[in-house]
Amino acid sequence: MMGNTGASIVKINIFNVERDHEGIKDELVGIFNKVLTEGEYILGDRLTRFEDAFAEYIGVKHAVGVANGTDAIRLGGLALGLKPGDKVVTTPNTYVATTMALSTQGIMPVFTDIEKENYNMDPKALDETLAAHKDVKVCIPVHLYGHAARMDEILDVCAAHGVYVLEDACQAHGALYGDEKKKVGSLGNAAAFSFYPTKNLGCYGDAGMVVTDSDETYEEVLKLRNFGQGKDKHVHLSDGFNSRLDSLQAEILTFKLGLLNAWNEKRRGLARLYTEALAGLPVTLPTEASWTRHVFHLYVIRSGQRKALMDYLVEKEIGTLIHYPTPIHLQPAYRHLGYGTGSFPKAEQAAREIISLPMYPSLREDEVFRVCDAIRSFYRK
């Protein structure tokens, strides 16, 4: 294992978008200049090309670019028929946008606990939750950290209860599922993606996408993203939103889509290094189920000494984060739902222990070893 031997220590960031893009700077500047001079900025051929390319990549009929991943969940849920007063079910150990995208529309979140191994929705717990909440209309499984949820069982449970499935694939661009190696996002009734800059496929601002095989859902999202306007300009068929993926981000994402598989393989290789170098320590390491291909948006470990370990890594100039420290059901914004501590033991236990380590395509092997050396040093103390 390689340690740091230099006189000065350079910080290892949890993310490093600037370094990721050093090798493609000329292409990015060329894209910016082309879009700037040609003058097409909103809803045009560049967006259509990216939508078509992303739909083909995921393996679905339709993709609709929207302003961000939150809007992708919001518009996807509304397009599946959600109305104020309806309920959706998801897990509490995700980013708050998974629920807030829809709770702001008067739609109530219901939560269900997770599987201990991969932090995703537990199908058995889901079945019990849907039996207790028969008015749930949509289930939102989150493919957390880049590892697919157990979709076959989730789809079977939802079908038995008459519930639509909207995949939150915002952290899982390119993840594969099942023997047929289907892309995550092609499995439910619709799926939401985010292209936030630190995602596996990220842009230079906010952007998102709704994907679906349903013609009806596709047409509804097209309408919702553009002020409720139908195919005829200035004819607004319903309330809607201003939620459009702009041409500059679309052109950048079209280019970067061609790099996604290689960058995902880089992440997977770095994850293998982490797992090998941290073996034998009193930390829980990520696992990859046999039925999925993890794309490691994040590399998340668990430690019973989290604060002390994170403080120690700060001293060693190593960045870490917690994704996410407070389960959604314990957030003040959702206190009115009536959940308390102990409602979802597995999600709450994970939230007390998880630590995200540096993970990005340009992370170097020697930096991974330096992180692992530091963690080993902490436990030797």
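Which hand does the crossing of α4 and α8 have, left or right? What we have on the screen is a predicted model. Now, back to the two helices: the crossing of α4 and α8 is right-handed.

Let's stay with this pair. The axes of α4 and helix α8, which covers residues 215–225, come within 9 Å and cross at roughly 125°. Who does the touching? On the α4 side we have Leu75, Leu78 and Ala79, and on the α8 side Thr217, Glu220, Val221, Leu224 and Arg225. Sorted by class, the residues of this contact are five nonpolar, one polar and two charged.

Now let's look at α4 by itself. The helix runs over residues 69–79, and ten of its eleven residues are buried, so the rest of the structure largely encloses it. If you want to click along, the buried residues are Gly69, Asp71, Ala72, Ile73, Arg74, Leu75, Gly76, Gly77, Leu78 and Ala79. Notice that Leu75, Leu78 and Ala79 are on that list, and these three also take part in the contact with α8.

Both ends of α4 have something to show us. At the start, a side-chain oxygen of Asn68 comes within 3.2 Å of the backbone nitrogen of Thr70. Just after the helix, Gly81 has a positive phi of about 105°.

Next, a second pair of helices. Helix α10, residues 260–277, and helix α13, residues 365–380, have axes that come within 10 Å and cross at roughly 25°. That makes α10 roughly parallel to α13. Their crossing is right-handed. From α10, the residues in the contact are Leu270, Leu273, Tyr274 and Ala277, and they meet Glu365, Val368, Phe369, Val371, Cys372 and Arg376 of α13. The residues of this contact divide into eight nonpolar, no polar and two charged.

The crossing of α2 and α9 is right-handed. In α2, look for Glu27, Leu28, Ile31, Phe32, Lys34 and Val35; in α9, their partners are Leu248, Glu251, Ile252 and Phe255. By class, this contact has seven nonpolar, no polar and three charged residues.

Where does Thr91 sit? You'll find Thr91 in the loop between β2 (87–90) and α5 (97–103). Is Thr91 buried or exposed? Its relative accessibility is 2%, and under 20% counts as buried, so Thr91 is buried. The side chain of Thr91 has a polar contact with the side chain of Asn93, at 3.5 Å. Not counting residues up to four places away in sequence, Thr91 also touches Phe111, Thr112, Asp113, Ile114, Met121, Val142 and Ile328.

A polar atom of the Arg19 side chain lies 2.7 Å from the backbone oxygen of Ser362. With neighbours within four places in sequence left aside, Arg19 is in contact with Tyr360, Ser362, Leu363, Arg364 and Glu367.

Now for some backbone details. As background, most residues other than glycine have a negative phi, and most peptide bonds are trans. With that in mind, look at Leu43, in the loop between α2 (25–38) and α3 (45–58). Leu43 has a positive phi, near 50°. With 33% relative accessibility, Leu43 counts as partly exposed.

Glu317 is another one to look at. Phi of Glu317 is positive too, near 60°, and the residue belongs to the loop between α11 and α12. At 34% relative accessibility, Glu317 counts as partly exposed.

My last stop is a peptide bond. Is the bond from His323 to Tyr324 cis or trans? The bond is cis, with omega near 15°. Tyr324 is found in the loop between α11 (306–315) and α12 (345–353).

Note on methods. Residues numbered from 1 in each chain as written. Predicted model: local features only at pLDDT ≥ 70, side-chain atom pairs only at ≥ 80, totals over all residues. Heavy atoms only, no water. Axes fitted to C-alpha atoms, helices over the stretch in contact; angles between N-to-C directions. Helix = DSSP H or I, 4+ residues; strand = E, 2+ residues; numbered from the N terminus. Parallel < 35°, antiparallel > 145°, perpendicular 65-115°, else oblique. Left-handed = near helix turned anticlockwise from the far one by under 90°. Contact = heavy atoms within 4.5 Å. Nonpolar A, V, L, I, M, F, W, Y, C, P; charged D, E, K, R; others polar. Buried < 20%, exposed > 50% of the residue type's maximum accessible area, 1.4 Å probe, protein only. Polar contact = N/O pair within 3.5 Å; in protein donor to acceptor, adjacent residues only side chain to side chain.
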